Amino acid sequence: MRICLVIPGGLDGAREDHRIPCLHWIVERLARRHSVEVFALRQTSQPPCFEFAGAKVHALDGHAIWVVVRKIWSAHRRRRFDVVHAFWASAPGAVALVASRLIRRPVYVHVAGGELVSMPDIDYGSCRTRKGRFVVRTVLRGVDGVTVASSGMFKHVEQLGVTPVSTPLGVDLERWPLQQPQPIAEAPYRLIHVASINRVKNQALLLRAAARLKSTDFPFHLDIVGVDTRDGELHQLASRLRLSDFVTFHGWLPQNEVRVLMMAAHLHIVTSRHEAGPLVAREAAACGVATIGSPVGHIADWAPQGAVAVESDDDVKFASEIRKILRDDERRVTVASSAQAEVAQHDADWTVRRFEAMYHGRLGD
């Protein structure tokens with residue numbers, strides 16, 4: 001089968017910090033069995049066309065939609081595509097939909113999440129604008145199939161009159177091998193948060209909860225891993241809250257180093273205002289680490305058996321729930337084990353098999 005993938009970016013051949021791991025894993029697996037050509041809309045690279053994990057990648061650096069569609073058309077004329085698949089339902093979905101109509105091939109889209117929300121107070125979500133809402137609705141109603149990662153995303157898409165298929169993006173268990181959840185030998189408790197530092201991830205809540213823990217002499221250390229997009233604002237907040245001895249900001253780290261930190265952690269924390277997944281909760285589960293967090297994405301779906309969902313964004317409540325789960329080791333291990341069982345069943349290989357079934361029209365079988 002010959003597959004055309006349209007993505008925002010994230011397959012840089014030289015720099016791991018410019019990659020989106022889940023897209024890497026999907027492309028790598030599809031390319032093992034199919035001919036895959038990828039059109040990355042907002043990716044820069046020299047050379048602009050290169051091979052990645054067995055797939056041909058075009059780094060298009062913000063070209064206009066019609067330019068990308070023309071490139072897909074030219075590639076199709078050289079060797080015909082069988083299917084077009086977009087990640088996500090915003091610009092990639094629009095390109096994929098137009099191109100599919102031109103080359104007369106089925107088209108599918110996987111929804112990232114941010115396309116379907118509007119959070120004007122933090123300038124987040126494609127649905128903040130009339131144009132954004134029009135593009136997303138047109139794409140979702142025009143494609144041949146839509147997949148989503150969680151029940152929250154399922155409901156968002158369903159509200160637009162489209163019935164999606166639940167398909168979580170699984171973890172590459174070759175890179176994140178399963179580790180049995182371990183009891184805590186001794187304090188301090190190791191907490192970890194892995195996400196780009198931005199307003200939708202709501203790390204201010206994380207630090208305020210950490211300050212509450214410190215005020216009660218709760219023994220902990222928090223590792224924060226992720227690119228800082230807020231020019232040190234979170235570091236300044238940590239300093240004002242006198243958390244310098246309790247929090248380490250690591251910045252971006254390669255996946256293998258993130259995994260080492262995750263394996264050493266006792267609890268993974270998510271404070272996001274919105275998530276379709278998040279994939280990091282699945283990576284934590286692979287490492288045998290339980291997740292506590294906002295009731296978004298997988299956390300909402302797994303709770304209470306496979307995650308601890310904190311319904312309030314109150315830092316007092318968040319700190320209280322962190323203390324409870326860490327002081328109840330049996331429960332913490334049970335939660336981690338439940339999440340890990342789900343992750344083992346629905347890994348990256350499973351995800352790609354689901355996509356392949358979709359391409360052949362068998363996803364609902």
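Helices (H or I, at least four residues) and strands (E, at least two) are DSSP runs, numbered from the N terminus.

A word on the model itself: it is predicted, so local features need pLDDT of at least 70 and side-chain atom pairs count only at pLDDT 80 or more, while totals for chains, interfaces and linings use all residues. Residues are numbered from 1 along each chain as its sequence is written, and side-chain values use heavy atoms, with hydrogens and water left out.

### Two helix pairs

Two packed helices are described by the angle between their axes and the distance between the axes. Here axes are lines fitted to C-alpha atoms, for helices over the stretch in contact, and angles run from 0 to 180 degrees between N-to-C directions. α6 and α7 (residues 233-240) pack at about 15°, with axes 10 Å apart. That makes α6 roughly parallel to α7; angles under 35 degrees count as roughly parallel, over 145 as roughly antiparallel, 65 to 115 as roughly perpendicular and the rest as oblique. The crossing of α6 and α7 is right-handed. A crossing is left-handed if the near helix is turned anticlockwise from the far one by less than a right angle, and right-handed if clockwise.

Now for α3 and α4: their axes come within 9 Å and cross at roughly 45°. That makes α3 oblique to α4, and their crossing is left-handed. In this pair, G93, A94, L97 and R101 of α3 meet V135, T138, V139 and G142 of α4. Those residues divide into 4 nonpolar, 3 polar and 1 charged.

### Spaces in the structure

A search of the whole structure finds 1 cavity of 30 Å³ or more. On a 1 Å grid over the protein atoms alone, a cavity is a set of points where a 1.4 Å probe fits but cannot get out, and a pocket is an open set with protein on both sides within 12 Å along at least five of seven lines; lining residues have an atom within 4 Å of a point. Grid points are joined across faces, edges and corners, and a volume is the space filled by probe spheres set on the points.

The largest cavity holds about 30 Å³ of space. Its lining has 9 nonpolar, no polar and no charged residues, including F220 and I322. α6 gives the most to this lining, with 4 residues.

The second largest pocket has a volume of about 170 Å³. Among its lining residues are I65, S126 and K131, and α4 gives the most, with 4 residues.

### Backbone spots

Most residues other than glycine have a negative phi, and most peptide bonds are trans.

| Spot | Value |
|---|---|
| G277 to P278, cis | omega near -5° |
| A303 to P304, cis | omega near 0° |
| D61, positive phi | phi near 50° |
| R242, positive phi | phi near 60° |

P278 is in the loop between β12 (267-270) and α9 (279-286), while R242 lies in the loop between α7 and β11 (247-251).

Note on methods:
Nonpolar A, V, L, I, M, F, W, Y, C, P; charged D, E, K, R; others polar. Contact = heavy atoms within 4.5 Å.
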